[in-house]
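Welcome, and thanks for taking a look. Here are a few friendly notes to read alongside the model.

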Amino acid sequence: MPERTVKNSQTEQEKETIEQLVTQVQKGDMQSFSKLYDHYVDRVYKYFYFKTTQGEAFDLTENLFIKVWDNIRIYKRKSGASFSSWLYRIAHNLLIDHYRYDRGTSELDPDQADLRHDNSPIFLAEQSLSRRSLKKAMQQLKESYREVITLAYINGLDNPELSHVLKKSEGTLRVLKFRALQELKRILQEMGIKS
């Protein structure tokens with residue numbers, strides 16, 4: 001099984017810190033938004049990366065944070081619905097819209113310079129074979145399995161957050177996660193990768 005890159009879920013202290021930042025952002029504090037951005041940008045990018053191309057993942061991540069900024073004033077903490085689950089719900093909806101409407105886009109010229117973070121030599125050197133293998137294996141999973149693995153194991157959402165994002169009961173999610181992991185394990189073994 002691939003190594004997990006993010007903690008299973010946020011601690012209560014982290015959730016409170018995030019909620020405090022959100023309150024400050026709702027009052028117009030850009031520095032607090034910058035802190036929220038820094039906290040979530042890599043996680044959100046990974047969520048999109050395992051479901052789209054590298055360039056699309058960057059565009060979707062950028063669009064997500066624009067939507068968060070535009071809508072953060074309407075966010076209210078409800079029981080079981082943390083800011084993290086609200087954020088990933090928006091990400092999930094963006095991805096659905098992307099699949100629905102962005103099928104006809106064309107690729108950029110490969111000779112055009114790209115100065116984004118993912119194209120720096122250091123970042124590219126950090127990319128590993130296991131990440132590419134995992135992405136290739138995950139592309140073979142059906143969408144519901146890919147979604148639950150990405151949110152639970154790559155982005156570290158806990159069951160209540162998953163329940164809010166995917167609108168499924170926690171019992172259904174436990175079964176879905178188990179089946180998704182079994183299928184991923186089977187695919188990885190067929191690729192010659194031992195778990």
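**Notes on helix packing and confidence**

1. From helix 2, the residues Leu36, Tyr40, Arg43, Val44, Tyr47 and Phe48 meet Phe83, Ser84, Leu87, Tyr88, Ala91, His92 and Leu95 of helix 4. Sorted by class, this contact has ten nonpolar, two polar and one charged residues.

2. How do the two helices lie? The axes of helix 2 (residues 30-49) and helix 4 (residues 83-101) come within 11 Å and cross at roughly 40 degrees, which means that helix 2 is oblique to helix 4. Their crossing is right-handed.

3. Helix 4 also packs with helix 8 (residues 159-166): the axes come within 9 Å, crossing at roughly 35 degrees. This crossing is right-handed. On the helix 4 side you will find Ser84, Ser85, Trp86, Tyr88, Arg89 and His92, and on the helix 8 side Glu161, His164, Val165 and Leu166. By class, the contact of helix 4 with helix 8 has four nonpolar, four polar and two charged residues.

4. Now for confidence. The chain has a mean pLDDT of 79, with 77% of its residues at 70 or more. Which elements have the lowest and the highest mean pLDDT? Helix 5 (residues 121-126) is lowest, at 47, and helix 2 is highest, at 91.

5. Please take care with two stretches. Residues 1-8 stay under 50 in pLDDT, and the model gives them 21 contacts beyond four places in sequence. Residues 122-128 are also below 50, with seven contacts beyond near neighbours in sequence. Where pLDDT is low, the predicted coordinates should not be read in detail.

Key: Residues numbered from 1 in each chain as written. Predicted model: local features only at pLDDT ≥ 70, side-chain atom pairs only at ≥ 80, totals over all residues. Heavy atoms only, no water. Axes fitted to C-alpha atoms, helices over the stretch in contact; angles between N-to-C directions. Helix = DSSP H or I, 4+ residues; strand = E, 2+ residues; numbered from the N terminus. Parallel < 35°, antiparallel > 145°, perpendicular 65-115°, else oblique. Left-handed = near helix turned anticlockwise from the far one by under 90°. Contact = heavy atoms within 4.5 Å. Nonpolar A, V, L, I, M, F, W, Y, C, P; charged D, E, K, R; others polar. pLDDT = per-residue confidence, 0-100.
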